[in-house]
Each structure stands twice: as C-alpha cells, then as structure tokens.
Amino acid sequence: MTDFTDRLKSLVAEPSRDTPHDPARLARVERTRAEFTGQGAAIRETLAAAKEPLAALADIFAGRTFARIVIAGCGDSWFAGVAMRHALEALTGLPVEGAQALDFASYGAKIGGAGTLCVGISSGGNTPAVMAALRAAHEHGAFCLGISNTKGSPILSQFDAALMVHATRKGWPTQSTNATMALLVALGAAVAGNGEGAEGLCAELAALPDLIERISPELEAPVAAIAERWADRDLVLFTGLGPNLAAASIGAAKLRELSPIHAFALPLEEYHHYRSQKAGDPIVVVASDLASLERALDTALVAEHAGGPLLAILSEPALEIEARAAETIRLPRTSAALAPMLSILPLQLFAYHFALARAARGLGAPARAAV
C-alpha cells in the first residue's frame with residue numbers, strides 16, 4: 001500500500017484547530033474582523049489602481065470578439081465569480097459562467113477556444129486548480145487573465161493579462177472577496193467598451209465603498225445579538241437565488257471557517273425539492289431583490305412549519321416573510337447585479353460574532369454521536 005503520509009500532511013496543513021479556545025483559530029478570527037472594517041478602502045484602492053490596466057485591456061478587447069466569459073476559482077474566489085455573473089452578463093450581453101476551477105480545468109476548458117475570456121482568481125496567486133484552469137483554457141485558444149492580491153505571484157505573470165486586488169488576507173477572506181467582486185464589474189465594463197449601460201452600473205459601484213462604510217457599523221449590534229442567540233447551534237443552513245446564492249455560499253463558508261460547525265448553502269429552489277430543514281435547524285435566507293421574494297416566502301412558510309428559526313436578509317419590504325422570521329436584517333436597496341457586495345456584510349459579521357459567542361460558551365466542533 002502506498003504511503004500517503006506526506007501528501008495527507010499537506011492536505012490538512014491548516015494550523016488552527018476546532019477546539020473551543022484554540023489560540024491560532026481565534027487569532028485568525030480577530031484578524032478577519034480587523035480586515036472586515038477595511039472593505040470600503042480596499043474596493044476604492046483596487047478600482048483606482050485598475051483604471052490604467054483596464055483602459056489598456058479595453059483597447060485589446062475592442063479588437064476581439066468573445067462568445068462567453070468564464071470566471072474560474074476555488075472557495076471564495078469561485079463564489080465571487082458566481083456573485084458577479086449577473087453583473088457581467090448585464091454589462092456585456094455575453095453568457096458568463098462562475099466555474100469551480102478544477103471542474104473547468106477537467107471538463108469545460110475544452111470548448112470555446114478563442115471566443116472565451118477566461119478569468120482565473122487566486123488570492124495567493126498560485127492555487128493549483130486555478131492555474132490548471134487557466135493553462136487548459138489557454139491551450140485551447142482562450143484569452144486568459146489572472147487576478148490576485150499577491151504581488152509577483154505566478155498567476156499575474158504567466159497569462160495574457162493580469163489585474164491586482166489591493167486587499168489584505170491575514171484572516172479568512174472578507175475584503176479580498178468584496179474587492180475582487182468590484183474588480184470583476186470594472187472588468188465587465190472594459191469588455192463592454194464602457195457604453196451607456198456600463199456607465200450607470202459603474203457609477204453605482206463607485207458609490208458602494210461609502211455605503212459599505214456607513215452601514216457596517218450599523219449592522220454590528222443587531223448581528224451580534226442574533227449570533228448570541230444562535231451560538232449553541234451546530235448546523236446553520238443558508239439559501240438564496242442567483243447572486244444571492246453566492247452571498248449565501250460566502251456566509252456559509254465564513255461560518256465553517258470561523259466557527260467549527262456545519263454550515264451549507266442551498267439554491268433557493270432546491271431547498272423545496274428535498275426535506276432540507278429538520279426541526280430546530282436555523283436557516284438564513286438571502287433575498288435582497290424582487291426576483292427572490294416569492295420563493296423566499298415559501299421558504300419562510302416551510303421553515304415555520306419545520307420549527308426552524310429563520311434569519312431573513314432583505315432590501316425590499318416583505319411583511320409576510322418578516323412576520324415569520326425570527327430575525328430580519330434590512331439592507332439598502334441596490335441593483336441585483338451588485339447586491340452580493342452588501343449582502344455579505346451581515347453574513348461576515350455574523351460569522352465573527354458567532355465564533356466569539358461559541359468560544360465564550362466553551363463550544364468547539366459538534367460532538368460526534370457514538371458509533
């Protein structure tokens with residue numbers, strides 16, 4: 001039998017542990033909180049630094065015809081691509097795929113050829129699956145562009161073009177994710193040639209850093225109170241539609257990272273095709289646009305029937321949902337294309353305060369039932 005000791009060691013190299021008071025994990029939780037407060041500044045700096053490179057790319061793109069855009073990533077980088085799919089499609093009129101990088105490298109890169117703009121996102125700049133996705137797409141004639149917030153990393157030098165995200169990532173990703181999403185919108189405008197449609201969305205994007213900095217402190221107290229009430233839960237479900245699913249996925253990822261519990265995101269429709277929620281299971285419904293509200297109401301009805309508390313993240317009045325929700329967070333209205341950039345804020349804060357509340361209770365990873 002092959003000895004995979006070294007291989008396994010590299011696979012589980014995360015230095016923190018799931019014990020209640022693990023100092024490495026809790027230190028990273030605090031670094032995540034510190035980075036959370038810098039999201040507005042990170043978005044501003046990223047967009048400002050990208051102006052010249054994006055102008056040069058717009059000139060290059062003017063001489064090419066794309067049939068599709070693929071954004072390949074892993075983890076939060078994947079979710080960022082999924083989140084901005086709607087924004088890029090609205091800007092460019094092209095089909096856009098937020099692809100899991102290994103899936104795309106293994107299967108999807110074989111089609112599209114020169115008609116594909118393939119964007120690979122890797123915060124560290126050398127994620128193996130993302131690099132494989134870009135290489136495979138490049139071999140089949142795609143125009144390949146790397147995005148990273150690690151200066152000098154391979155993804156920024158080995159392909160047709162590159163863009164930098166100006167954000168730190170000493171904790172689990174918060175500002176690097178949001179700044180990446182902003183950069184993807186700006187890239188979509190460059191593909192579109194900065195037409196009339198791009199102007200409106202980019203103006204809204206430019207105003208978002210100020211809005212993020214205004215509402216984040218306002219969210220702190222109510223989100224901390226919800227986390228305190230839910231802190232003894234060992235499982236939290238998340239759900240959303242379209243861009244809201246990406247935000248829900250980021251929220252579930254933050255909870256898994258910061259607090260060693262189980263957290264999973266389901267597409268809003270798929271929640272209703274299985275008996276997804278058991279008695280007492282809490283669920284977070286991200287429904288920040290009108291397209292989500294009818295199915296989100298169905299979800300609230302089922303959650304009420306199942307006896308599971310519901311946290312509704314809303315930006316539109318939804319009295320019937322709110323009447324059935326144990327908790328509601330109301331965000332300012334923004335276009336559906338940019339909504340994830342606001343929706344992730346209370347979810348990131350929730351993960352932080354949830355982690356602190358569980359640590360205060362001496363709660364670590366869920367106990368396994370005896371076999």
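Predicted model: local features only at pLDDT ≥ 70, side-chain atom pairs only at ≥ 80, totals over all residues.
Visitor: What makes R33 and E220 a salt bridge?

Guide: The cut-off is 4 Å between a side-chain nitrogen of Lys or Arg and a carboxyl oxygen of Asp or Glu. The closest N and O atoms of R33 and E220 are 2.6 Å apart. That is within 4 Å, so the label holds.

Visitor: What does the pair R33 and E220 tie together?

Guide: R33 sits in helix α2, residues 23–36, and E220 in helix α9, residues 196–230. The pair therefore links parts that are 187 residues apart in sequence.

Visitor: Are R33 and E220 buried or exposed?

Guide: R33 is buried, and E220 is buried too. Buried means under 20% relative accessible area.

Visitor: How do you know that E228 and R361 form a salt bridge?

Guide: Their N to O distance is 3.1 Å. The limit is 4 Å, so E228 and R361 qualify. E228 lies in helix α9, while R361 lies in the segment after α13 (339–360). The two parts tied together are 133 residues apart in sequence.

Visitor: Why is E228 called partly exposed?

Guide: Its relative accessible area is 41%. Buried needs under 20% and exposed needs over 50%, so E228 falls in between. R361, at 39%, is also partly exposed.

Visitor: How many salt bridges does the rule give?

Guide: The count comes to 18. Some charged residues are linked in a network: R44, D210 and E213 are joined by salt bridges.

Visitor: What makes helix α4 mostly covered?

Guide: Six of its eight residues are buried. The helix spans residues 76–83. The buried ones are D76, S77, F79, A80, G81 and A83.

Visitor: Why is strand β6 said to pair with strand β7?

Guide: Pairing needs at least two bridges. β6 and β7 (residues 262–267) have six bridges, so they pair, and they do so in the parallel sense. One of the contacts sets V236 against A263, its bridge partner in β7.

Visitor: Which path does the chain take from β6 to β7?

Guide: The chain goes through helix α10, residues 243–258. This β-α-β crossover is right-handed.

Visitor: How do you know that β6 also pairs with strand β8?

Guide: The two share four bridges, in the parallel sense. At least two are needed, so β6 and β8 (residues 283–287) meet the rule. L237 stands opposite I283 in β8. β6 itself, residues 235–240, is mostly covered, with five of its six residues buried.

Visitor: Why is V12 called exposed?

Guide: Its relative accessible area is 52%. The mark is over 50%, so V12 passes. V12 lies in the loop between α1 (5–11) and α2.

Visitor: Which residues form a nonpolar patch with V12?

Guide: L8 and L11 do. Together with V12 they have about 320 Å² of accessible area.

Notes: Residues numbered from 1 in each chain as written. Heavy atoms only, no water. Buried < 20%, exposed > 50% of the residue type's maximum accessible area, 1.4 Å probe, protein only. Right-handed = clockwise from strand over helix to strand, strands pointing away. Patch = residues over 30% accessible without salt bridge, like charges linked within 9 Å, V, L, I, M, F, W, Y side chains within 5 Å. Areas by Shrake-Rupley, 256 points an atom, 1.4 Å probe, with all protein chains shown as cover.
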